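Let's take a walk through this structure, going from the packing of helices to the rings and on to the nonpolar cores. Keep the viewer open as you read.

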Amino acid sequence: MAWSTREIAELAGTTVNTIRHYHRSGLLEPPERLSNGYKQYGARHLVRLLQILRLRDLGVPLGQIESVGPGGETPGAALRAIDADLAVSIERLQRARAEIKAILAGTTATDVPAGFENLAGRLSTPDRALMLVYAQLYDASAMADLKTMVESETDDGSAEFEALSAQAGDAQRQRLAETLAPQLAQHLTDYPWLNDQKGRMSKGPAITQEVFRATVVELYNEAQLDVLGRASVIVTEQLGARSDSTPDTDATTDQHE
């Protein structure tokens with residue numbers, strides 16, 4: 001019994017274009033042709049086609065089908081590697097489903113990193129964008145700390161900062177910087193790595209700094225950037241004053257020896 005390309009495609013539950021693709025990739029041997037030029041497929045072609053389709057349904061890439069199929073030299077090793085890839089894909093899909101479930105149960109925000117879905121309502125639009133960028137620049141432990149920071153933040157100054165006009169006057173900027181400074185100082189105290197972030201970066205220091213600066217400049221207006229700068233100066237001065245007032249324990253020890 002011989003079949004045409006259309007007939008063998010119907011028997012295998014696939015398409016003519018798929019069969020042609022398998023011919024081009026070398027997976028399926030071309031059949032003989034009759035004198036009129038029509039292809040004639042036999043049972044061995046059907047069996048081979050079904051084997052290819054079976055492996056494809058299992059998630060085997062076309063480039064690896066030869067090594068996994070009946071004639072492959074190391075089908076066991078190839079299948080184990082594919083199984084490992086599938087496990088990673090399954091984990092990613094399960095994580096995506098869990099995140100979608102969290103979004104549906106809480107907010108409809110999709111513009112925040114994984115784990116921040118329930119905090120989206122506490123973040124301004126620029127802050128959400130910044131968190132997405134942070135997730136690409138810092139490791140998981142750093143993002144966990146940032147999540148804790150957001151959870152613990154008060155509303156002191158946040159709403160005013162979000163609504164701050166680029167034309168805001170000097171007095172308002174300074175007052176707002178002084179309002180935000182204590183919270184910033186507390187973060188730096190609770191999370192010392194903020195002062196030395198190298199161990200928490202998933203990218204290099206240079207690219208992290210470049211991306212951070214470019215993002216912040218685009219997300220916040222001139223007055224907001226000025227407030228952040230002033231708040232940083234205040235915090236630096238405050239923490240420096242604390243350090244200067246701390247007793248020199250080494251010197252004290254030396255005096256008693």
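What follows is a short tour of a predicted model.

Two packed helices are described by the angle between their axes and the distance between the axes. Here, look at α6, which covers residues 125-137, and α10: their axes come within 10 Å and cross at roughly 170°. Angles over 145 degrees count as roughly antiparallel, and α6 and α10 are therefore roughly antiparallel to each other. On the α6 side, the contact is made by P126, A129, L130, V133, Y134 and L137, while α10 brings T208, V211, F212, T215, V216 and L219. Sorted by class, that comes to 10 nonpolar residues, two polar ones and no charged ones.

Two names from that contact, Y134 and F212, come back when you look at the rings. Together with Y138 and W193, they are linked into a cluster by ring pairs. The structure has four aromatic pairs. One of them joins Y134 and Y138, edge-to-face, at 5.7 Å centre to centre with 70° between the planes. Both partners are tucked away: Y134 is buried with a relative accessible area of 14%, and Y138 is buried too, at 8%.

Another pair to click on is F161 with Y220, which is tilted, with 5.8 Å from centre to centre and 55° between the planes. What does this pair tie together? F161 sits in helix α8 (residues 158-163) and Y220 in the loop between α10 (205-219) and α11 (222-245), so the pair connects parts that are 59 residues apart in sequence. F161 and Y220 are both buried.

Now zoom out to the nonpolar cores. The largest one has 35 residues, and the members that touch the most other members are F116, Y134, Y138, W193 and V227. Which helices supply it? At least two residues each come from α6, α7 (140-152), α9 (170-190) and α11, and α9 gives the most, with six.

If you leave aside neighbours within four places in sequence, W193 is in contact with Y138, A142, D145, M149 and R200.

Finally, there is a second, separate core of 19 residues, with W3, L28, L55 and A78 among them.

Conventions
Residues are numbered from 1 along each chain as its sequence is written. This is a predicted model: local features need pLDDT of at least 70, side-chain atom pairs count only at pLDDT 80 or more; totals for chains, interfaces and linings use all residues. Side-chain values use heavy atoms; hydrogens and water are left out. Rings of Phe, Tyr and Trp (its six-membered ring) pair if their centres lie within 6.5 Å; planes under 30 degrees apart count as stacked, over 60 as edge-to-face and the rest as tilted. Buried means under 20% relative accessible area, exposed over 50%, partly exposed in between (1.4 Å probe, protein chains only). Helices (H or I, at least four residues) and strands (E, at least two) are DSSP runs, numbered from the N terminus. Axes are lines fitted to C-alpha atoms, for helices over the stretch in contact, and angles run from 0 to 180 degrees between N-to-C directions. Angles under 35 degrees count as roughly parallel, over 145 as roughly antiparallel, 65 to 115 as roughly perpendicular and the rest as oblique. Contact means heavy atoms within 4.5 Å. Ala, Val, Leu, Ile, Met, Phe, Trp, Tyr, Cys and Pro count as nonpolar, Asp, Glu, Lys and Arg as charged, and the others, Gly among them, as polar. A nonpolar core is a set of buried Ala, Val, Leu, Ile, Met, Phe, Trp, Tyr and Cys residues joined through side-chain atoms within 4.5 Å.
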